[in-house]
Amino acid sequence: MKKNLLSVFAVMVMILGLVLTASAEEGVTDTEIHIGQWGPQTGPAAPWGAVARGTDAYFKMINAEGGIHGRKLVHHYFDDAYNPAKTLAGVKQLQEDIGMFAYVSGVGTAPGLAVKDYLMERKIPWLGPSAGSRHWIQPPNKYLFNSYPLYLGDAQLLCKYGHETMGFKKFAIAYQNDDYGKQGLEGAQKQLDKYGLKLVEQIPVNVADTDMKPHIMKFKKAEAEAVLLFVGPGHVARLIGTGKAMKFNPQWFSTTTCGDHPLMMAITKGLYAGTISAAFGMMDPGAIGIGNKEDTNNPSLPLLAKYKKEAFDKFAAKEERWGMTFTAGIGYVEPFVEALKRVGRDLTREKVVAEMEKIKNFKGIMGNVSYAPFDPNDPLCRIGQQEVFLVRAEADGTSTILTDWFTTDFIPMEK
Amino acid sequence: MIEFLQMVLSGIAVGSSYALMGLGMVLIYKASEVPNFVQGEMALLPVFIAYMLLSSYGLPYYIAFPVTLIFAFFLGGILEFAVLRRAKEPNVLGLIIITIGMEMLLLGFVSWKFGADQRAMPFPISSYDSIIIGDIFISTLDMLTLVVALFIMLILFLFFRFSKIGVAMKATQQNENAAALMGIKTNQIRMITWGISAAVGSVAGLLIAPVLMEPYMMWDPMLKGFAGAVVGGMTSLPGAVFGAYIVGVVEHLFGGYVSIEFKSVVAFVVIVLVLCFKPSGLFARHYVKKV
């Protein structure tokens with residue numbers, strides 16, 4: 001009899017254990033939340049590795065403040081060298097060996113596309129991809145929340161300001177021969193169509209290109225007054241430098257990817273001064289005022305100043321540089337952290353998605369972020385931030401605010 | 001016409017840095033009979049050392065640059081002595097793999113030690129000033145690169161023609177066994193060749209770095225230099241130089257008149273065409289082995 005009772009008790013304990021295991025969310029324990037991220041720490045895109053390191057310092061700051069509802073954020077980031085095959089292998093390894101609750105950021109369109117289906121099929125939330133690609137929101141996915149303003153929007157505002165405020169009529173573009181550059185090209189064309197203008201020259205730049213003389217010759221021949229640079233920081237430096245050497249001095253316009261003015265001034269040996277670039281945050285035009293200057297090394301935004309003191313100074317490596325790339329790694333994941341706080345102790349993926357959908361006009365160190373309940377026909381329900389503003393690089397490395405926040409139009413991909 | 005002349009001049013200007021890389025590759029190919037894929041990184045590490053000497057230690061250019069070239073010379077020699085020479089019964093494929101391995105090692109070291117951030121090296125002349133003749137321009141840095149490339153070619157010509165070591169190097173390259181029988185220390189000669197090659201490549205690196213420095217900066221010049229060397233003939237020093245200029249000019253003309261999008265790959269199309277129609281290259285003597 002006693003033996004039978006023991007057997008029944010053991011079976012009940014096992015069943016209870018199974019039930020409890022089944023209800024526990026993957027990647028969440030009593031004391032920890034496991035979060036994955038990829039990013040290039042080596043290879044040609046390695047300067048963007050600071051995004052993951054920024055996120056890491058931010059999570060460490062949160063943990064030092066006691067975590068979220070008693071749980072520490074355990075950040076697992078790996079180097080994919082901007083190689084989509086490595087991104088997929090790394091995500092599979094993290095997911096199948098440890099089990100992540102969610103993924104955050106992740107640099108690049110191509111690496112992100114390599115893992116998007118894998119994550120979405122498993123209903124694993126992915127929040128704040130570090131690339132302004134339309135692929136994240138068109139078609140929208142229930143578990144994928146964008147926060148980076150689309151590159152299309154940069155082009156719209158740059159052309160609008162260039163034409164309406166500065167009076168330029170002859171626009172040209174150098175665009176990286178990929179999703180990033182082509183979005184810039186499309187955004188510029190659509191905006192210029194509104195004024196009855198056409199790009200006078202559009203030149204693709206391959207990532208491996210180092211010699212920009214033929215590009216500048218074409219711009220010169222087309223007599224471009226304003227040139228949009230939808231390329232990486234290195235190519236921006238080469239184009240502006242070659243332009244200076246060839247006595248071609250148009251108004252240069254650049255994107256959020258080249259908004260780190262101290263860095264751009266250093267790599268162009270000062271030639272970046274006067275360049276107008278789009279910005280998605282790290283300063284607030286409303287608070288600073290149009291025409292006033294901001295020094296990103298000494299931020300006026302109180303929240304950013306706090307991150308510099310509490311996250312960067314305390315948790316970044318000694319050789320890390322405080323700059324836009326590092327801070328972007330914080331900005332992309334702020335809405336996710338907000339959702340984790342709102343969910344409370346009883347944490348599940350579905351509850352995080354539900355809280356993310358309730359986020360309206362959330363303001364961290366970037367622009368306003370809003371989501372809406374999932375609608376498979378509405379890309380805007382997952383777009384996050386749609387506003388950007390313009391700044392001009394100054395010779396002392398500061399940035400002058402040129403416009404207020406501008407809400408950009410979403411241009412759907414043509415089928 | 002002006003446009004055409006500008007493209008040709010720009011092609012020659014960019015071809016000068018390819019020529020320096022090509023010269024380095026041919027020197028090693030003649031000595032060790034291996035296409036040297038570590039050529040770019042043998043220049044990369046010294047360039048970053050130069051940056052460190054200038055930026056962190058505040059040394060003047062006239063000290064930092066010579067020290068860099070001496071470092072490059074020793075680096076090349078050490079790589080030959082410590083790695084390549086240790087290969088047991090090496091075949092060409094094995095040697096190529098060794099150079100690729102060394103390339104990854106040096107690239108990894110530079111990325112780890114100096115970081116991946118882009119930067120520009122301080123330089124005595126501006127990277128962005130130019131000389132304008134009529135409607136044609138050349139940047140002062142490109143002009144300097146052109147002059148330096150021609151000067152190094154002249155020095156190498158005189159060195160191989162008149163110096164004892166240069167003649168010994170030529171003898172070793174032509175027939176190693178016969179050279180050894182004549183009392184030439186062929187191992188030492190090979191080591192010196194690697195050292196000179198690294199120093200020549202580093203000159204190219206020092207002239208590229210004022211525009212932009214990053215761990216992958218030597219990859220494109222190395223490939224284009226290799227393309228130039230193949231076009232000119234892997235065993236001909238003047239051939240490597242002319243081949244590099246051909247690559248530079250063809251690239252620019254193709255970019256200007258046909259397609260900028262495919263400008264970067266046209267060098268490799270040139271390689272394929274040359275290898276199809278003149279496999280030993282345009283300037284090398286065709287080597288016929290008698291049975």
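This is a predicted model: local features need pLDDT of at least 70, side-chain atom pairs count only at pLDDT 80 or more; totals for chains, interfaces and linings use all residues.

Residues are numbered from 1 along each chain as its sequence is written, while chains are lettered from A and ligands numbered from 1 in the order in which they are written. Helices (H or I, at least four residues) and strands (E, at least two) are DSSP runs, numbered from the N terminus.

Back to that pairing. Strand 12 of chain A and strand 13 (residues 368-370) of chain A run antiparallel and are joined by two bridges; two strands count as paired if DSSP finds at least two bridges between them. They belong to an open sheet of three strands in chain A, ordered 12-13-14, with antiparallel pairing. Strand 12 (362-363) and strand 14 (384-385) of chain A each have a single partner strand and stand at the edges, so one side of each has no neighbour in the sheet.

Now hop to another part of chain A, where the strands run parallel. Strand 8 (residues 226-230) of chain A is joined to strand 9 (residues 251-254) of chain A by four bridges, and A:Leu228 stands opposite A:Phe253 there. A:Phe253 also stands opposite A:Ile276 in strand 10 of chain A; strand 9 and strand 10 (residues 276-279) of chain A run parallel too, with two bridges.

What lies between these strands along the chain? Strand 8, helix 8 and strand 9 of chain A make a right-handed β-α-β unit (right-handed means that, with the strands pointing away from the viewer, the path from the first strand over the helix to the second runs clockwise). Strand 9, helix 9 (residues 261-267) and strand 10 of chain A make a right-handed β-α-β unit as well.

Of the 13 residues of helix 8 of chain A, 13 are buried, so the helix is largely enclosed by the rest of the structure. A residue is buried if 20 or more other C-beta atoms, placed from the backbone, lie within 10 Å of its own, exposed if 12 or fewer, and partly exposed in between. After helix 8 of chain A comes A:Lys247, with a positive phi near 55°.

Where does chain A meet chain B? The contact takes 32 residues from chain A and 28 residues from chain B, counting residues whose C-beta atoms, placed from the backbone, lie within 7 Å. On the chain A side, strand 7 (201-205), helix 7 (213-221), helix 8 and helix 9 give two or more residues, and helix 8 of chain A gives the most, with seven.

For contrast, find A:Glu223 in the loop between helix 7 and strand 8 of chain A. With 12 C-beta neighbours inside 10 Å, A:Glu223 counts as exposed.

Finally, over in chain B, 20 of the 23 residues of helix 8 are buried, so that helix is largely enclosed by the rest of the structure.

Methods. Two residues are in contact if their C-beta atoms, placed from the backbone, lie within 7 Å.
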